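Please look at the sequence and the structure before reading on.

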Amino acid sequence: MPTQPRSPAYLRFRRRLLTGLFLAATLAVTVVITQVRTSYVEREQALQSQTDHYVKAMEAYVANSLQSVDLAMIGFANAIKVLPSTQNPSRAAISELLSARAANFNVDYWLTFLDTRGNVVATSLDIDVTGQNYAERDYFKIHLDNANGNRPYIGAPVRGKYTGKKLFFVSRRVENAKGEFIGVLLAPLNVERYASVFDNSRFTADISITLFYRDGKIIARAPLFEQSFGRDLSNSELFRHLRNGNTGTYKAVGIIDGLHRTYSYRVFDQFPLVMLVGSSDAEAARQKNRSYLVAGAGLVCLLCLITAGGMYSLRTYARQEERELRIRALLGESRDMEQKLRANEESMKLSALLFHNIGEAMMVTDAAGRILTVNPAFSLLSGYVEQEVIGRRSYELTAGREGVEFFARMTKTIRETGQWDGEVWHRHKDGTEYLAEIRFNTVHDDFGNPFRYVALLSDVTEKKASEERIWRQANFDTLTGLPNRRMFHERLRQEMKKSDRAKLPMAILFVDLDRFKEVNDTMGHDKGDLLLKQVAERLTASMRGTDVVARLGGDEFIALLGELRNPADVTRTAREILKQMSTPFDLDGDGVHIAEISSSIGIALYPQDGKDVETLMKNADQAMYRAKESGRNRFQHYASVDNVLDIHKDRCE
């Protein structure tokens with residue numbers, strides 16, 4: 001029998017059905033491919049962002065550690081600079097200085113001082129390398145030629161000749177007070193510490209962290225530190241990318257372990273170093289394959305459903321299409337939820353890792369200031385374990401030196417700005433007190449209200465004490481406790497400005513002791529030192545409370561009388577000094593060692609006798625010499641060559 005022809009209505013329905021199936025299939029394939037591609041790009045971007053943040057954190061850690069070493073070297077260079085001239089650069093003085101501070105060094109680095117010929121003068125490490133010559137080393141030549149200026153120099157990684165440790169060197173040029181080269185301070189750093197920190201900072205085994213020297217040699221790496229130390233990778237993919245910029249991201253196969261990773265690199269701003277962090281993209285590849293499998297299976301199911309729906313009426317087909325749209329929406333939401341959960345989990349792991357392993361003490365409180373948790377570094381700093389401080393107010397751990405108003409201002413600043421920086425004295429569990437540098441930051445809830453306070457603490461007690469000692473050595477005479485020449489010049493400049501504002505004159509009195517050498521020669525230098533101390537006390541007692549007395553060196557002293565409303569105060573003060581200096585000195589207080597001296601005083605007025613420090617000091621010195629030539633035990637005002645000023649002389653009765 002002949003086949004019955006299809007009705008036009010059936011043909012139209014079939015054409016519409018085939019067209020609909022084709023369009024639906026095309027749309028399904030396009031959506032799936034787009035979703036898979038978008039998911040892959042997002043994973044790649046997340047991996048690049050992770051390595052970029054990681055490399056910034058590692059760069060900050062290394063830079064901070066190097067700045068800490070450089071700060072210690074600056075402190076010792078300044079301490080060497082202000083040594084008395086009889087000890088600069090004495091081997092014994094340098095050895096004593098390094099030995100006295102040896103307790104401040106840790107096993108990660110030590111200090112060595114080289115003289116102007118490259119010979120080892122002293123070292124803080126307990127090894128005998130004194131006399132060894134390092135004149136041919138690159139760091140010594142750099143500082144000898146002053147090619148690096150007032151900046152530290154960092155050398156390539158090497159294995160220590162005497163310690164056998166893997167090292168790289170940080171060095172600084174040391175100059176005396178006149179700016180003359182007197183040697184080099186050298187700090188060998190143990191790079192095994194960096195490798196250990198890098199290894200502890202990896203939260204997955206496929207992450208690699210590498211610190212390079214600028215010539216391509218590896219300083220530290222985790223993992224495989226032993227196999228990679230000192231290896232030259234200057235021809236690697238990294239250094240080809242460095243030609244395009246100081247930061248960047250790329251993909252490559254690792255030369256050390258052969259793993260394919262996504263790498264981020266950064267060149268240090270102040271040091272010849274490069275930090276490289278790599279994360280394996282194997283997980284991203286697995287996620288991509290799984291996405292392809294899921295998407296393929298979903299696509300097949302989708303096409304089957306579309307085909308089955310075409311066998312039914314248009315109403316059934318419409319319902320089926322609506323169902324498929326809901327399935328797609330749910331699939332997209334599930335993917336978003338999965339990505340958010342994975343990102344939150346990784347973020348929490350990284351935060352916990354940093355909180356427990358960071359070297360800086362951390363404390364977290366609630367909005368009322370009650371302690372919720374502390375990290376191990378805080379327990380090491382304060383002596384309290386976490387269980388002993390939870391629930392306590394943070395101010396209960398302070399030493400009580402700051403008053404209520406101080407903490408009220410602190411609280412107000414935190415509430416207004418969300419943070420606070422400053423220093424607070426704390427009391428250790430054993431009762432000792434230490435100065436803590438604190439930074440408070442506020443964590444807000446979804447409504448903008450304070451929810452948590454995070455505090456970072458570090459012990460700066462020794463740092464402050466060291467800065468104070470160095471400052472006093474640089475500005476005060478060690479024998480008499482009076483300001484030295486440097487401090488006096490600074491005070492003189494300040495008083496000149498005050499004199500200009502007040503339009504009142506001021507005066508300086510240059511005091512030189514007569515027959516002081518006879519005391520040293522007959523009684524000895526110990527008695528001479530006792531005499532200088534008593535001279536300083538009498539000079540200070542002869543002045544007004546606002547005046548300044550300083551020791552310039554040897555038996556030379558100088559006094560500053562500011563804002564002279566009555567010019568006669570200068571003559572009165574000079575006569576009082578002559579009287580005090582001509583009164584016999586009982587050096588031991590037992591009447592046995594009596595020193596009889598006098599003084600010669602030169603007086604210069606500002607601004608008549610000089611409008612700058614150098615001129616005023618020179619003219620006062622000349623006036624003092626005229627007083628000596630006129631018979632000593634007298635004072636004399638400065639007189640210019642054309643005798644514009646009168647000469648005033650007087651003798652102590």
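In which strand is T365 found? T365 belongs to strand 12, residues 361–366; strands (E, at least two residues) and helices (H or I, at least four) are DSSP runs numbered from the N terminus. This is a predicted model, in which local features need pLDDT of at least 70, side-chain atom pairs count only at pLDDT 80 or more, and totals for chains, interfaces and linings use all residues. Residues are numbered from 1 along each chain as its sequence is written, and side-chain values use heavy atoms, with hydrogens and water left out.

**Confidence**
- The protein has a mean pLDDT (the predictor's confidence in each residue, from 0 to 100) of 81, and 84% of its residues reach 70 or more.
- Residues 641–653 have pLDDT below 50, and this stretch has 26 contacts (heavy atoms within 4.5 Å) in the model beyond near neighbours in sequence.

**T365**
- T365 has a relative accessible area of 2% and is therefore buried; buried means under 20%, exposed over 50% and partly exposed in between, with a 1.4 Å probe and protein chains only.
- Not counting residues up to four places away in sequence, T365 touches R370, I371, L372, S394, R452 and Y453.

**Helix 14**
- F516, V519 and N520 are buried in helix 14, residues 516–523.
- These residues lie on the same side of helix 14 because they cover an arc of only 95° around the axis, taken from the directions from the helix axis to the C-beta atoms.
- The exposed residues K517, D521 and T522 are on the face turned away from the buried side of helix 14.
- Cover for the buried residues of helix 14 includes strand 17 (506–514), helix 15 (525–542) and strand 21 (594–595).
- G524 follows helix 14 and has a positive phi, near 100°.
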